[in-house]
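Please look through the sequence and the structure shown below. A short report on selected parts of the structure follows.

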Amino acid sequence: MADFTPFNRVQMAQNAAADIPEGWYVNLGIGIPTLVADHVPLDREVIFHSENGILGMGPAPAKENIEPWLINAGKQYITLRDGGSICHHADSFAMIRGGHLDLCVLGAFQVADNGDIANWATSDNDTAPAVGGAMDLAAGAKRLWVIMDHTTKSGEAKLVTKCSYPLTAQTCVKRVYTNLATLDVTDRGFVVLGMAPGLTLENLQARTEAKLHLPA
Amino acid sequence: MINKIVQSMADAMAGIKDGATVLLAGFGSVGQPNALIDGLIEHGAKDLTVAANNAGNGHVGLARLMELGRVRKIICSFPRSSDPVVFETLYKAGKIELEIVPQGTIAERIRAAGAGVPQFFTATGVGTKMAVGKEHREIDGRMYIREDALHGDVGLVEAWEADRWGNLTYKLAGRNFNPIVAMASNLTIVQTQHVRDLGEIHPDHVHTPGIFVNRVLHIPYGDPGGF
């Protein structure tokens, strides 16, 4: 067996959080992306957006401080930071579709080496397919990062040359944080920026369908 | 004297016809006009097309309306929710039509209807199943698809405050789809937590001007809960 230590969920979130500079407006998808906010210190002012008209989302409230009229797009109770604001759904999506968000971080089933993303349905005849705001976020944000496991639970590659699942959007993923590596999506394809401790490029390539490149 | 405040649910629902398209505001159960949905069930209109973000939870509200066979078609972005049992059962049995729309596209289609914009082009959905059969147009080097305005014959809205001219405010995340549903519907019906005297809502604080509102019913519903 290979002698390496994969990143856990928290470390994956930390890896992404470390790369978000002060001043960015950021939307986080459900799952591991949501954890990213916990690893951006409050004194580094990053403004979090949620699709249901929330700008300036703060940490989750203590149970005794829940405001029942304040939820995020994942329908979790939230807080607003000082300076936070509320708008209606069309304005909230204008922030997304109008290219005003600096970053969106989503989970995904597959990412292709041209930046295509599949994250909303696993088959063409899915019962009751549900897309939510994923297509708007993927197509609209200035940059899209993905956080996901490097392979499926059964070991199939998720970094591929062509997505087999229905697409969410074309050629928009800029970076991927997995439990094994951090990769940029470039004109050359996937470029490995970093790997889990102990992992070799050969080992990483063996778990990746698309060809991996080293920084020029 | 203009007075849009009605005194009964029957008055609020009067005239809603079979076959109507109903725009339903709310996100989760926050800012969702639950009492008006119950009123629509009681009213009895059927063969409805309902546009909403979700497709109902459990066996209440929108889910109940569907379970009673009143909804021919649902237009939504996220039919899965915490307990979508009614929708999924009807959908699998082929008893309800589903039009799935990205959340920002459904919001913009509603806003466009309210603003008199019949069609628009968007990058959302290009290269996906959503684009199949839609008009494509390349503008300044980027591909877009055409989407059409989504009008309501009826719009159901929950406000925090309302006055007799129909000026509205919303509370926090209770705003969501409410302002655009009010704009896009021929008959906008509002349930409000509070009724204010004319002039009591500061003009700077009105979220939805009364021109977009037809009827207001005072329903001190209380805090939302249960998603």
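Strands β10(A) and β11(A) (residues 181-186) run antiparallel and are joined by three bridges. Strands, together with helices, are DSSP runs numbered from the N terminus: a strand (E) has at least two residues and a helix (H or I) at least four. Two strands pair if DSSP finds at least two bridges between them. A:Val176 has A:Leu183 of β11(A) as its bridge partner.

A hairpin of two residues leads from β11(A) to β12(A).

## Source and numbering

This is a predicted model, in which local features need pLDDT of at least 70 and side-chain atom pairs count only at pLDDT 80 or more, while totals for chains, interfaces and linings use all residues. Residues are numbered from 1 along each chain as its sequence is written, and chains are lettered from A and ligands numbered from 1 in the order in which they are written.

## A three-strand sheet

Chain A also has an open sheet of three strands with mixed pairing, in the order β7-β6-β9. β7 (117-118) and β9 of chain A are at the edges with a single partner strand each, so one side of each has no neighbour in the sheet. β6(A) (residues 110-112) pairs with β7(A) in the antiparallel sense over two bridges. Within this pair, A:Val111 is opposite A:Ile117 of β7(A).

Most residues other than glycine have a negative phi, and most peptide bonds are trans. A:Lys75 has a positive phi, near 65°, and is located in the loop between β3 (54-58) and β4 (79-86) of chain A. How exposed is A:Lys75? It counts as partly exposed because it has 17 C-beta neighbours inside 10 Å. The cut-offs, applied to C-beta atoms placed from the backbone, are 20 or more other C-beta atoms within 10 Å for buried, 12 or fewer for exposed, and anything in between for partly exposed.

A:Thr171 also has a positive phi, near 40°. A:Thr171 belongs to the loop between β9 (159-160) and β10 (173-177) of chain A, and it counts as exposed because it has 11 C-beta neighbours inside 10 Å. A:Asp82, in strand β4 of chain A, is exposed as well, with 6 other C-beta atoms within 10 Å. The C-alpha atoms of A:Asp82 and A:Leu35 are 21 Å apart, and the two residues are separated by 47 residues along the chain.

## The side of chain B that touches chain A

How many residues of chain B are in contact with chain A? There are 42, and they meet 33 residues of chain A. Two residues are in contact if their C-beta atoms, placed from the backbone, lie within 7 Å. On chain B, α4 (85-92), β5 (97-100), α5 (103-115) and α6 (178-184) each supply at least two residues of the side that touches chain A. The largest share, six residues, comes from α5(B).

By class, the side of chain B that touches chain A has 20 nonpolar, 13 polar and nine charged residues. Ala, Val, Leu, Ile, Met, Phe, Trp, Tyr, Cys and Pro count as nonpolar, Asp, Glu, Lys and Arg as charged, and the others, Gly among them, as polar.

## Helix α3 of chain A against α5 of chain B

The axes of α3(A) (residues 89-97) and α5(B) come within 9 Å and cross at roughly 125°. This makes α3(A) oblique to α5(B). Axes are lines fitted to C-alpha atoms, for helices over the stretch in contact, and angles run from 0 to 180 degrees between N-to-C directions. Angles under 35 degrees count as roughly parallel, over 145 as roughly antiparallel, 65 to 115 as roughly perpendicular and the rest as oblique. A:His89, A:Ala90, A:Phe93, A:Ile96 and A:Arg97 of α3(A) make the contact with B:Gln103, B:Gly104, B:Ala107, B:Glu108 and B:Arg111 of α5(B). Four nonpolar, three polar and three charged residues take part in this contact.

Seven of the nine residues of α3(A) are buried, and the helix is mostly covered. Among the buried residues are A:Ser92 and A:Met95. Just after α3(A), A:Gly99 has a positive phi of about 75°.
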